[in-house]
Amino acid sequence: MNKSDQKWMQLALEIAERGAGYVSPNPMVGCVIVSAEGQKIGQGYHERYGQQHAEKNAVDSVNNPDLLKDATVYVTLEPCAHHGNTPPCCELLADLPISRVVVAMEDPTPKVAGKGIQHLRDHDITVDVGLMKEEAEQLNEFFLHYQTHNRPFVTLKIAQTLDGYIAAPDGDSEWISGPESRAFVHKWRSQYDAVMVGRNTALLDNPRLTVRHVEGRQPKRIVIDGPLDLPRDLNLFTDQYEEKTIVLTHNKEKFENEADPMLNMLQSDYFRGQTLLVDKKEGHTDLDEAMRELGHLPVTSILVEAGQNLASALLRQRLVDKVECFVAPKMLGGGTKSVIGVGINRMSEIMEFRDVQWRQVGKDLLFTGYL
């Protein structure tokens with residue numbers, strides 16, 4: 001594989017990202033078709049879940065089918081080999097007069113897992129695998145994590161002062177980070193399946209957890225309400241996206257009462273979202289079980305915009321996969337720390353991040369790291 005191959009695969013990765021937030025639980029996929037003379041003749045990406053895959057969109061974009069003879073197809077993920085909402089893409093490509101397919105990475109899904117690649121090779125098409133594999137894996141980190149662990153990929157978002165506080169002593173937390181950082185968060189919301197908060201954040205801040213500062217899909221909104229007693233006049237329960245709200249509770253008795261459809265219809269504060277019951281663990285909602293239940297929906301990725309209690313609990317239970325932490329050039333000297341009590345008593349137990357990045361966002365610094 002050469003620089004030209006890398007150029008076209010880079011383009012395929014860039015257009016694949018346009019599907020962020022819209023194709024879940026499917027992966028983002030991009031496809032570029034290059035003629036035997038080295039000219040791009042088609043491109044496409046998976047635009048919406050349930051709609052045509054990237055390969056089909058790319059093939060449909062080719063104006064002159066004669067140009068497909070001995071063409072090369074660049075695709076960011078192994079072409080699917082099973083019937084789902086669409087026919088197998090490996091069969092579509094195998095029926096074309098192309099000579100070569102370049103695949104960034106294999107699809108770990110059991111229904112595919114090398115079968116798409118083998119089908120192409122069985123039809124005398126040269127298949128090269130592994131070009132820009134790391135970039136392709138990064139692009140679909142949510143999908144790959146979900147396929148491997150059967151639970152959502154969890155990112156903890158924190159906005160704190162230089163001395164580690166997320167709120168002043170009086171509880172005020174608006175605004176620690178700058179407008180550029182807030183725009184980042186709204187973009188993330190559009191790309192994750194869901195945004196999660198705890199009951200204290202819901203009660204004190206009354207957030208909407210919607211996408212407003214950028215264009216994009218509105219995510220599901222998850223609130224952990226163990227006692228199941230949050231006021232039903234909160235934004236999460238009353239705005240136009242009410243049906244996207246998911247409540248997690250361990251209050252079995254109240255959950256069963258609220259699950260009664262006749263009783264619900266008679267109530268003026270009837271909730272049109274979804275309520276999930278999980279076990280109680282050490283006096284709180286069992287977060288590990290909650291993640292498994294959310295995975296069954298399926299929710300493949302969660303952006304947690306938590307206060308101290310939920311953030312600390314998720315870290316303590318090792319349920320966080322990635323941390324995005326905005327550090328503002330401000331100091332409070334007191335108030336609420338971002339994280340406390342995560343079960344570490346010795347330096348030998350310290351949480352150490354990998355694949356660390358620091359970048360400036362407006363006046364803030366953004367730390368990104370994986371656990």
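Mentor: Start with Trp358, which is found in strand E17, residues 354-361. The model is a predicted one.

Trainee: Is Trp358 buried or exposed?

Mentor: Exposed means over 50% relative accessible area. Trp358 has a relative accessible area of 54%, so it counts as exposed.

Trainee: Which residues gather in a patch of negative charge on the surface?

Mentor: That patch is made of Asp170, Asp172, Glu174 and Asp205. Glu174 sits in the loop between strand E7 (165-167) and helix H7 (179-191). Its relative accessibility is 58%, and therefore Glu174 counts as exposed.

Trainee: What is the peptide bond from Glu174 to Trp175 like?

Mentor: That bond is cis, with omega near -10 degrees. Trp175 also lies in the loop between E7 and H7. A cis peptide bond also joins Ser24 and Pro25, where omega is about 10 degrees. Pro25 is placed in the loop between helix H1 (3-16) and strand E1 (30-34).

Trainee: Now phi. Where does Asp124 lie, and what is its phi?

Mentor: Asp124 is not a glycine, although its phi is positive, about 60 degrees. Its place is the loop between helix H4 (115-122) and strand E5 (126-129). Met132 is another residue other than glycine with a positive phi, near 60 degrees. Met132 lies in the loop between E5 and helix H5 (133-139).

Trainee: How should I read burial along a helix? How many residues of helix H13 are buried?

Mentor: Begin with the general idea. An α-helix has 3.6 residues a turn, so residues three or four places apart point the same way. In helix H13 (residues 308-316), seven of the nine residues are buried, so the helix is largely enclosed by the rest of the structure. The buried residues are Gln308, Leu310, Ala311, Ser312, Ala313, Leu314 and Leu315.

Trainee: Where does Arg151 lie, and is it buried or exposed?

Mentor: Arg151 is in the loop between helix H6 (141-149) and strand E6 (153-161). With a relative accessible area of 14%, Arg151 is buried.

Trainee: Which residues is Arg151 in contact with, leaving aside its neighbours within four places in sequence?

Mentor: Contact here means heavy atoms within 4.5 Å. Apart from those sequence neighbours, Arg151 is in contact with His145, Tyr146, Met291, Arg318, Leu319 and Asp321. His145 and Tyr146 are also among the buried residues of H6, along with Glu141, Phe142, Phe143 and Leu144.

Trainee: Which residue follows H6, and what is its phi?

Mentor: Asn150 follows H6, and its phi is positive, near 55 degrees.

Definitions and conventions:
Residues numbered from 1 in each chain as written. Predicted model: local features only at pLDDT ≥ 70, side-chain atom pairs only at ≥ 80, totals over all residues. Heavy atoms only, no water. Patch = residues over 30% accessible without salt bridge, like charges linked within 9 Å, V, L, I, M, F, W, Y side chains within 5 Å. Areas by Shrake-Rupley, 256 points an atom, 1.4 Å probe, with all protein chains shown as cover. Salt bridge = Lys/Arg side-chain N within 4 Å of Asp/Glu carboxyl O. Lys, Arg positive; Asp, Glu negative; His and termini not counted. Charge placed at Lys NZ, Arg CZ, Asp CG, Glu CD. Helix = DSSP H or I, 4+ residues; strand = E, 2+ residues; numbered from the N terminus. Buried < 20%, exposed > 50% of the residue type's maximum accessible area, 1.4 Å probe, protein only.
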